[in-house]
Amino acid sequence: MAVNNDELSCVYASLILQDDDVAVTAEKIQTILKAANVEVEPYWPSLFSKALESVDLKALITNVGSGVGAAPAAGAAAPAAGGAAPAADKKEDKKKEPESEEEEDDDMGFGLFD
């Protein structure tokens, strides 16, 4: 998916508005773009303002990686709390490791250079 400069400019303008706790409207986006000497097609600011009407951008930005980043952070904190947990985790990790890289590729059904 290619992002054009008009779209990217509107994204940045919307983020600036949200960071300043200003309502994201087509007029405000256009004002920021005009101040930055950026010209976009006239439909982009209104398109972004309509798309972002019902979206909480701050929550969206702060939760972008929460599904991926939360698991390792929680997993790292749990063994630190218990005394016997690290030894059990090490044993489990050794059992899960494949014997060679070729076996790992065979499990997936393809290799790097196939």
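Is Asn 37 buried or exposed? Asn 37 is exposed, because its relative accessible area is 72%, and exposed means over 50%. The model behind this value is predicted.

Start with the overall plan. The protein has seven helices and zero strands. Read from the N terminus, the elements run α-α-α-α-α-α-α. The protein has 114 residues, and 17% of them are buried. Now take the contacts in the protein with a separation of 6 or more. Of these, 47% join residues 24 or more positions apart.

Helix 1 covers residues 5-19. Helix 2 covers residues 26-35. Helix 3 covers residues 43-51.

Asp 21 sits in the loop between helix 1 and helix 2. Asn 37 sits in the loop between helix 2 and helix 3. Most residues other than glycine have a negative phi. Asp 21 is not a glycine, yet its phi is positive, at about 55°. Asn 37 is not a glycine either, and its phi is positive too, at about 60°. What about the accessibility of Asp 21? Its relative accessibility is 58%, so Asp 21 counts as exposed.

Next comes the packing. Two packed helices are described by the angle between their axes and the distance between the axes. Begin with helix 2 and helix 3. Their axes come within 8 Å and cross at roughly 130°. Helix 2 and helix 3 are therefore oblique to each other. The crossing of helix 2 past helix 3 is right-handed. Which residues meet there? Helix 2 brings Ala 26, Ile 29, Gln 30 and Leu 33. Helix 3 answers with Pro 45, Ser 46, Phe 48 and Ser 49. By class, this contact of helix 2 with helix 3 has five nonpolar residues, three polar and no charged.

Helix 1 also packs against helix 3. Here the angle is about 50°, and the axes are 10 Å apart. That angle makes helix 1 oblique to helix 3. Helix 1 passes helix 3 in a right-handed crossing. From helix 1, the contact uses Asp 6, Glu 7, Cys 10, Val 11 and Ser 14. From helix 3, it uses Trp 44, Pro 45 and Phe 48. The residues of this contact of helix 1 with helix 3 divide into five nonpolar, one polar and two charged.

The place of Ile 29 is in helix 2. Its relative accessible area is 0%, so Ile 29 is buried. What does Ile 29 touch? Leaving out residues up to four places away in sequence, Ile 29 touches Cys 10, Ala 13, Ser 14, Leu 17, Val 24, Pro 45, Phe 48 and Ser 49. Take Leu 17 from that list. Ile 29 and Leu 17 are twelve residues apart in sequence, and their C-alpha atoms are 7.7 Å apart.

Pro 45 belongs to helix 3. Pro 45 is buried, because its relative accessible area is 3% and buried means under 20%. Again leaving out residues up to four places away in sequence, Pro 45 touches Cys 10, Ala 26, Ile 29, Gln 30, Leu 33 and Val 40. Thr 25 gives another distance to check: Pro 45 and Thr 25 are 20 residues apart in sequence and 7.6 Å apart, C-alpha to C-alpha.

End with the aromatic residues. Rings pair if their centres lie within 6.5 Å. By this rule there are two aromatic pairs. Why are Trp 44 and Phe 48 separated by about one helical turn? Because the two are four residues apart in helix 3. Trp 44 is buried, and Phe 48 is buried as well.

Technical notes
Residues are numbered from 1 along each chain as its sequence is written. This is a predicted model: local features need pLDDT of at least 70, side-chain atom pairs count only at pLDDT 80 or more; totals for chains, interfaces and linings use all residues. Side-chain values use heavy atoms; hydrogens and water are left out. Rings of Phe, Tyr and Trp (its six-membered ring) pair if their centres lie within 6.5 Å; planes under 30 degrees apart count as stacked, over 60 as edge-to-face and the rest as tilted. Buried means under 20% relative accessible area, exposed over 50%, partly exposed in between (1.4 Å probe, protein chains only). Axes are lines fitted to C-alpha atoms, for helices over the stretch in contact, and angles run from 0 to 180 degrees between N-to-C directions. Angles under 35 degrees count as roughly parallel, over 145 as roughly antiparallel, 65 to 115 as roughly perpendicular and the rest as oblique. A crossing is left-handed if the near helix is turned anticlockwise from the far one by less than a right angle, and right-handed if clockwise. Contact means heavy atoms within 4.5 Å. Ala, Val, Leu, Ile, Met, Phe, Trp, Tyr, Cys and Pro count as nonpolar, Asp, Glu, Lys and Arg as charged, and the others, Gly among them, as polar.
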